[in-house]
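Subject: Structure handover

Hello,

Please keep it open while you read the notes below it.

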Amino acid sequence: MNTRAQVLLWGAQRASAVVLAVCVAVHLVTIIYAVRNGLGAAEILGRTRGSLAWAGFYALFVAAVAVHAPIGLRDVLSETFNWRGTGLEITVLVIAIALALLGFRAVYAVFA
Amino acid sequence: MAALPALTVSVWRGTESGHFQTFEVPRLENQTVLDVVTYIQRRLDPTLAYRFACRVGMCGSCAMTVNGRARWTCRTHVDKVAAAGRLEIAPLNHLPVVRDLVTDMTPFFDKWAKAHGNFKGAQTRKDDFARVPPAAEERRLADVAIECIGCGVCYSSCDVVAWNPDYLGPAALNRAWTLINDVRDTGNRTRLAAVAGDAGCHACHTHMSCTERCPMHLSPTASIAGLKRAAMVAALKGEL
């Protein structure tokens, strides 16, 4: 990976961190609201199904996770196991795709 | 005045492999760690290898690991670090050990070269002096970081250097930042490319050990943050 790509990855991780800071806060408030008001699964799904706003919010959350986590994991793996090169890049790319697919599947499940 | 109790001093002997050897050293008023090492070498064991020059915190050659922390030994008073009268003195971390307390600084200075740490100007001796206003933003940023004397304390204190052997380290990056802000320098485009990415400024985790331990009270962390921003802008513009 060339230097420019490495720098852009760093920028992507910082930008996704900003998004995550907001998303995690909203997500936590949502959980607390749901628990304190005793909302069951059916009541939660009643609010999320067909809601483009919730689907959009959680799709953004998933996208930020899928960008942020693999880039951080790339550093952790590199520094812990002295692992660099194409094998590492492919591994974290696969993890990024898996996170995105699993996350979007979950978003679709509560939206559709 | 009653004599102070003697110091128990463990000193690293050997190279990469070796052991700590213990000495009893008389405790004196206003005694530095360098005084202790010198006493051992001159009175107790002349085979002890260590390095020093100025003894007054100007040359940076006497840096060692004292009770687990990199310091200038000439400016470290025993009474500030010898809890319970014990000292453990070892060579700097993250550098090859030549012998005992002497490290090979070659990798450290090689990384200054890799970071393009040399000034590259366009003027000749026939040109007039360049005039850089002291209040200019670039001059102010360079001034803050310029007093590094290359002692290696920051490099020895940096975890990322241990985890990533290619990482240029705080001192080389701090030096590059002073040149990035030198308006006379003409080598900044290639310098920024040399200090960016996985082996450069973007590897820094902002632990700030370098800033906490710099004997000159510089902030390599701030310099590295500046490089990160400059490289990011250059990458977005396609100039990297």
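Two residues are said to be in contact if their C-beta atoms, placed from the backbone, lie within 7 Å. By that rule, and leaving aside neighbours within four places in sequence, Val7(A) is in contact with Ala196(B), Gly197(B), His202(B), Ala231(B), Met232(B), Ala235(B) and Leu240(B).

This is a predicted model, in which local features need pLDDT of at least 70, side-chain atom pairs count only at pLDDT 80 or more, and totals for chains, interfaces and linings use all residues. Residues are numbered from 1 along each chain as its sequence is written, while chains are lettered from A and ligands numbered from 1 in the order in which they are written.

Val7(A) sits in helix 1 of chain A; helices (H or I, at least four residues) and strands (E, at least two) are DSSP runs, numbered from the N terminus. Is Val7(A) buried or exposed? Val7(A) counts as buried because it has 26 C-beta neighbours inside 10 Å. The cut-offs are 20 or more other C-beta atoms within 10 Å for buried, 12 or fewer for exposed, and anything in between for partly exposed, with C-beta atoms placed from the backbone. Ala41(A) is 34 residues from Val7(A) in sequence and 43 Å from it in space, C-alpha to C-alpha.

Between the chains, 11 residues of chain B are in contact with 8 residues of chain A. Helix 10 (residues 220-236) of chain B gives the most to the chain B side, with 3 residues. That side divides into 7 nonpolar, 3 polar and 1 charged, where Ala, Val, Leu, Ile, Met, Phe, Trp, Tyr, Cys and Pro count as nonpolar, Asp, Glu, Lys and Arg as charged, and the others, Gly among them, as polar.

Helix packing in chain A

Helix 1 (residues 3-36) and helix 3 (residues 52-81) of chain A pack at an angle of about 135°, with their axes 8 Å apart. Axes are lines fitted to C-alpha atoms, for helices over the stretch in contact, and angles run from 0 to 180 degrees between N-to-C directions. Helix 1 and helix 3 of chain A are therefore oblique to each other; under 35 degrees counts as roughly parallel, over 145 as roughly antiparallel, 65 to 115 as roughly perpendicular and the rest as oblique. Residues that meet here include Leu9(A), Leu20(A) and His27(A) in helix 1 of chain A, and Phe57(A), Phe61(A) and Ile71(A) in helix 3 of chain A. By class, this contact has 13 nonpolar, 5 polar and no charged residues.

Chain B

Chain B has 10 helices and 7 strands, and buried residues make up 43% of its 240 residues. Its C-alpha atoms fill a box of roughly 65 × 40 × 30 Å along the principal axes.

An automatic or database domain assignment supplies the bounds: domain 1 (7-103) and domain 2 (106-236) of chain B. Their C-alpha centres lie 29 Å apart, and 15 residues of domain 1 are in contact with 14 residues of domain 2. Strand 4 of chain B gives the most to the domain 1 side, with 4 residues.

Helix 7 (residues 170-180) and helix 8 (residues 188-195) of chain B pack at about 155°, with axes 10 Å apart, and are therefore roughly antiparallel to each other. Leu173(B), Ala176(B), Leu179(B) and Ile180(B) in helix 7 meet Asn188(B), Arg191(B), Leu192(B) and Val195(B) in helix 8.

Regards
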